[in-house]
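Hello,

Please find the structure below. My notes on it come after.

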Amino acid sequence: MSTLLIVEQVLNGLQLGVTLFLMAAGLTLVFGVMGLINLAHGSLYMIGAFCCAWVTVETGSFWLGLFAGMAGAALVGAILEVVVMQRLYARDHLDQVLATFALILIASEGTRWLFGDVPLFLDVPDAFSGTMELVGGLTYSKYRLLIIGVGLLVALGLYWLIAKTRLGMRIRAGESDREMIAALGVNIRLIYTIVFALGAGLAGLAGSMVGALSSVQVGMGEPVLILAFVVIVIGGIGSIKGALIGAILVGLVDTLGRVFLPTLFGLFMENSDATTIGSSLASMAIYIVMAIVLAVRPQGLFPATGSGHA
Amino acid sequence: MKKTLLAATTALSLAALSPLAVSTAQADVKVGMITTLSGGGASLGVDVRDGFQLALKLAGDQQIELLIEDDGRKPENAIKIADKFISSDKVDVLTGIIWSNLAMAVVPKTVRGGTFYVSPNAGPSALAGKGCHQNYFNAAWQNDNLHEAMGNYANDTGYKNSFILAPNYPAGKDSLTGYKRFYKGELAGEIYTKLGQTDYAAEIAQIKNSGADSVFFFLPGGMGIAFMKQYAQSGVDIPVLGPAFSFDQGILGAVGDAALGVKNSSQWSKDLPNAANKAFVAAFQAEYGRLPSLYASQGFDTANLIISAAAKSDPSDKDAFRSALKAADFESVRGKFSFGSNNHPIQNIYVREVIKEGDVLTNKIVSTGLEDHQDAYAADCKM
């Protein structure tokens, strides 16, 4: 197996990791700051993708669609936070799981009612269609490079927002002690709405960007949601840094496992058995990593510094 | 007292019989349809249902009573609905199941209990060979069939080094088995992907580096859409082959131009020249405002098969109804169609190419892949 192929697969793993990060960032913030388990995060991903596909078809511009995907999901997120989620913060996790699971069903059937069952068409914008040559004769999809770039920019932006701005300070403070920050006269409700909308917008961005590569259809969010939960468990709940590193770890393990495990088993067993066992093991790989992390560091790799609830 | 009772029951049974007396000699048949109308893959169930209902409407048939329930692609739902249809609604025929795992949960028990089952889609190998049953009829195909046709096509085209991939679940394994049963060349690679996977970058990179001269894949639904779009983006230009499921009417719109020119195998195509098909395509478009899919054609044929049997005999006479079904005395939109010894189709499998008609992506037939093809399991079926 050539070096070029390995480098290409590492890039693929990085790209998967970066999209998972966009999902996991919102999930980990909402879980860390509000202590809310939001199963409907995957629905926000789907809503983003549908907004993007619809606006792209209507206006002919993918970039407008991308913006609409992000804004649409953020708007739906803000509305959900005010109407539903605020009632759930004080309830226990089982109530939250039940309520947000109901939201998944409502979002899926609502989307089907609006758009029908047939998957929507959404394609990569012309400017990023096809491949480009990187160093050493390696060609790689321009659009996947764009995703990696956008994801890393978002990671930087989030770091700046949380670490350097007043809003970020309040979010961190809310994560540590929500009663105290409310007593100090900060509108914690508004901060919760902003955090939730921000997470929703990032999920919408991820859905829109991935939608152009895969298919835009009802139920597209749930598989990603499961991976995003694995990411935040590995990374440490509430930590953006943990989400980034956990996401890239999961992306790399999943991609490289899929590629190399069947080859590895092929060295010492029948080819068809190796393919079957290798691929089965590859689909378990990230859960094995999660189990190991939980056994060694139950708080995750980078637990949030706040010692509050969650 | 006894006499009054007798008189009353006689009167009642006469009352029940009277509509039959004034209409034709046809029998009333109650059909229960269990299909997927919500959740992932609902578009397949919707198409089967729409095709089925269109056939009833065109036949102006008042003798078939159709009950429809949604299984949400969950085996436990399908079992519950089947129990309800059989024990409280007393249906004569069950139909509609899309997925092989659901079919395996429902069909064996149903047919052993004496109710007929006519499959409009799933054709798991377990029900075609040793597990076949006289009350089970498959009006679509045995699962391996379309893949076998593609393997044969690869030989005819001169492909000698195929890279093959399918999801890691029973129908995925059936598919690669089917392809390999006919394909004679070497394999450049064989991959089982995760079921429901949406990112194929890693697999495409392997294909690019494998030195393959062709790629055969079976990735139904959203998986196929994702694969084709990413394949087109990757700049790999090795020709792609697959069964119709990834290039069907309901999916092509979402794949877009990436699918243009791809060869795929199907037992039906909208450009088949027989009269029944022309009428079907026109009527389907008029009724629903979209082009019919493979699944719609299967729903349509299933309904016509049941109508043809109902015209000949009463379902309460099981033996007569069974032979009426087995005769397959209806105009299939596929053209020539008959049942083999295991009640699975003997039919042509065509090779189609994805083309553009105006702005709409669709398929046209380029050749006949396998003529009067029967599945490989028929010999194991002892009925």
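The notes cover a sheet in chain B and a helix pair in chain A.

This is a predicted model, in which local features need pLDDT of at least 70 and side-chain atom pairs count only at pLDDT 80 or more, while totals for chains, interfaces and linings use all residues. Residues are numbered from 1 along each chain as its sequence is written, and chains are lettered from A and ligands numbered from 1 in the order in which they are written.

Sheet, chain B

Five strands form an open sheet in the order β2-β1-β3-β4-β5 (chain B), paired in parallel. Strands (E, at least two residues) and helices (H or I, at least four) are DSSP runs numbered from the N terminus, and two strands pair if DSSP finds at least two bridges between them. β2 (64-70) and β5 (136-138) of chain B are at the edges with a single partner strand each, so one side of each has no neighbour in the sheet. Strand β1 (residues 29-35) of chain B is joined by three bridges to the parallel strand β3 (residues 93-95) of chain B. Within β3(B), B:V93 is the residue opposite B:V31.

Helix pair, chain A

Helices α10 (residues 240-266) and α11 (residues 271-296) of chain A pack at about 155 degrees, with axes 7 Å apart. Axes are lines fitted to C-alpha atoms, for helices over the stretch in contact, and angles run from 0 to 180 degrees between N-to-C directions. α10(A) and α11(A) are therefore roughly antiparallel (angles over 145 degrees).

Regards

How values were computed
Parallel < 35°, antiparallel > 145°, perpendicular 65-115°, else oblique.
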